[in-house]
Amino acid sequence: MKYILKGELTKSVKIKRSEFITHLFCVDDAQMAKERISEISRSHKNASHNCWAYIVGADGEIFHSSDDGEPSGTAGKPILGVLFSKNITNVCVMITRYFGGVKLGISGLIDAYSSVTEEAVETVGLEQLICKVTYSVELAYSLLDSLNYKLNLLNLEIFDTKYSDKITAKVAIPLEIEEDFLNVMNELRIKNDKIED
């Protein structure tokens, strides 16, 4: 089971005189993550380090991280480790560090990057990722009330409705009830087509 963030956050903490600014945000894909990373890096171009990690995909199958000059494995991997441990996807974390003059050492850096990531995720909270498929439906006006009644029983509703000689609309369905939706379509003899992303 995968989770996504309930929101986004930017938070600053001091650890042994260094300032760590955590930027935690939702992303749809790797390209979006890279764009946000570049944008934050530009706004903190005087920082000592801009370390980051992201995970995207329905199964969290695409991920990457960077230590941005910190000793190898002390920043990007600990950030990624926290995200993996919580089964989060479609997420990007960037931690900007302004060095305060006190060296933290290898274990100190790992602890710092892990703890600020953990704290940010806990502050924002998580919700279960629900994978959905979208169908286009076409029906006669006489079937609209029946369709709405049946969809209401499944906690579904139509959207993007267009009216002409027939009604066309879309329905987004969680994968686990796709079969129930198709049974309703067959029962009411409503034309439907899955919309491929």
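Helices (H or I, at least four residues) and strands (E, at least two) are DSSP runs, numbered from the N terminus. This is a predicted model: local features need pLDDT of at least 70, side-chain atom pairs count only at pLDDT 80 or more, and totals for chains, interfaces and linings use all residues. Residues are numbered from 1 along each chain as its sequence is written, and side-chain values use heavy atoms, with hydrogens and water left out.

**Exercise 1.** Locate D28 and state whether D28 is buried or exposed.

*Solution.* Start with the place: D28 sits in the loop between β3 (18-26) and α1 (30-43). Next, recall the cut-offs: buried means under 20% relative accessible area, exposed over 50%, partly exposed in between (1.4 Å probe, protein chains only). D28 has a relative accessible area of 61%, so D28 is exposed.

**Exercise 2.** Describe the largest nonpolar core.

*Solution.* Define the term: a nonpolar core is a set of buried Ala, Val, Leu, Ile, Met, Phe, Trp, Tyr and Cys residues joined through side-chain atoms within 4.5 Å. The largest one has 24 residues, and F20, L24, V91 and Y113 have the most contacts inside it. Elements giving two or more residues to this core are β2 (9-15), β3, β4 (49-56), α2 (76-85), β6 (91-98) and α3 (105-124). Of these, α3 gives the most, with seven residues.

**Exercise 3.** Find the place, phi and exposure of D68.

*Solution.* D68 lies in the loop between β5 (62-66) and α2. Its phi is near 40 degrees, a positive value in a residue other than glycine. Most residues other than glycine have a negative phi. D68 has a relative accessible area of 35%, so D68 is partly exposed.
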